[in-house]
Amino acid sequence: MKHRALKVRRNDPCPCGSGLKYKKCCMNRETILDAGQNRDLYYRKYNIRLKDEKDIEGIRRAGRLALRTLDLVGSHIRPGITTEEINTLVHEFTIQHGAIPAPLHYRGFPKSVCVSVNEVICHGIPGDRILKDGDIVNVDVTPILKGYYADTNMTFFVGTPGPDAKKIVAVAAQCLKKGMSMVRPGNRIGDIGWAIQIYAESQGCSVVREFVGHGVGLEFHEPPQLPHYGRKGDGILLIPGMVFTIEPMINLGRKELNVLSDNWTAVTRDGSLSAQFEQTILVTKTGFESLTPFDL
Ligand code: MF3
Ligand code: CO
Ligand code: CO
């Protein structure tokens with residue numbers, strides 16, 4: 001018999017009898033190992049630190065605090081409030097709950113939260129800008145609670161949104177949801193970005209390339225990087241214990257950006273609106289769990 005006849009192809013039923021396709025099963029058996037082996041392999045190969053139960057509970061707690069912080073901010077957002085006032089709310093609430101705001105002094109960032117209005121894509125620095133009716137504002141919080149980081153953001157309407165604001169916020173929220181739906185063992189990092197990009201572009205919007213999702217939990221930004229664009233089947237295999245953010249930045253117009261002279265504020269080059277939602281996601285045995293869950 002020719003060797004070729006014995007070859008199992010990606011889409012064939014797996015010879016192990018699981019009923020799954022080969023590509024979703026034993027094709028990856030070199031990386032689907034027991035927990036201890038995975039830990040060493042992923043650290044050696046990718047510098048990825050898989051999280052254990054204790055880590056996960058710590059990140060979950062930080063995540064709950066992060067969500068309560070966003071809730072508090074949401075209840076204060078109205079026309080007339082300044083971005084500095086949002087910073088004060090976040091800073092004080094975080095400290096009161098025994099946590100530290102990770103952004104403060106991170107690589108020289110001067111404030112405790114990123115607040116990004118309208119055409120600001122991300123990393124907006126709180127200051128005396130006054131929010132006005134019809135604005136959209138992204139608030140990105142990352143508390144460090146007992147050494148654990150959780151990273152989450154949402155985009156809020158200020159007063160009554162116009163049609164463009166409604167559209168970009170809805171598309172950005174759906175992008176995160178579609179990205180999350182790809183998270184399960186056997187899928188790959190590229191599948192997440194692929195799902196996001198396909199959807200964003202189908203709506204006539206664009207995906208920012210310069211900022212990506214990232215491993216998180218023991219530090220603010222850990223490997224791996226997660227582009228919000230890409231090709232199906234590309235990149236690192238997802239396995240249980242990975243914790244990373246998905247945080248697509250979606251522009252109503254073109255994807256290109258400029259960074260202002262403060263070296264932080266990223267804005268759309270064409271001045272179009274940009275929106276973002278972010279959650280911290282754990283890969284579980286059967287799929288994913290959001291450690292910063294909110295409805296999308
Ligand atoms: N929270 C942002 C992220 O999602 C990072 C902000 S870095 C800072 O990755 F220094 F601006 F805070
Ligand atoms: Co992040
Ligand atoms: Co963030």
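Once its neighbours within four places in sequence are left aside, A172 is in contact with T155, P248, I250, A275, Q276 and F277. In this predicted model, A172 and its partner I250 are both among the residues with the most contacts inside the largest nonpolar core. The points below set that core within the chain and then turn to the surroundings of the ligand.

**The nonpolar core**
- The largest nonpolar core has 78 residues, and those with the most contacts inside it are A62, V139, I168, A172 and I250.
- Helix 5, which covers residues 163-180, gives the most to this core, with 8 residues.

**The chain as a whole**
- The chain holds 6 helices and 17 strands.
- Its radius of gyration is 20 Å, close to the 19 Å that the globule rule gives for 296 residues, so the chain is as compact as a globular protein of that length.
- Taken along the principal axes, the box that the C-alpha atoms of the chain fill is roughly 75 × 40 × 30 Å.
- Of the 296 residues in the chain, 45% are buried.
- When contacts in the chain between residues at least 6 apart in sequence are considered, 67% of them join residues at least 24 apart.

**Around ligand 1**
- The shell around ligand 1 is made up of P103, Y106, R107, F109, C114, H123, D140, T142, D151, T245, E247 and E278.

Conventions: Residues are numbered from 1 along each chain as its sequence is written. Chains are lettered from A and ligands numbered from 1 in the order in which they are written. This is a predicted model: local features need pLDDT of at least 70, side-chain atom pairs count only at pLDDT 80 or more; totals for chains, interfaces and linings use all residues. A residue is near a molecule or strand if its C-beta atom, placed from the backbone, lies within 6 Å of it. Helices (H or I, at least four residues) and strands (E, at least two) are DSSP runs, numbered from the N terminus. The radius of gyration is taken over C-alpha atoms; the globule rule is 2.2 Å times the number of residues to the power 0.38. A residue is buried if 20 or more other C-beta atoms lie within 10 Å of its own, exposed if 12 or fewer, and partly exposed in between; C-beta atoms are placed from the backbone. Two residues are in contact if their C-beta atoms, placed from the backbone, lie within 7 Å. A nonpolar core is a set of buried Ala, Val, Leu, Ile, Met, Phe, Trp, Tyr and Cys residues joined through C-beta atoms within 7 Å.
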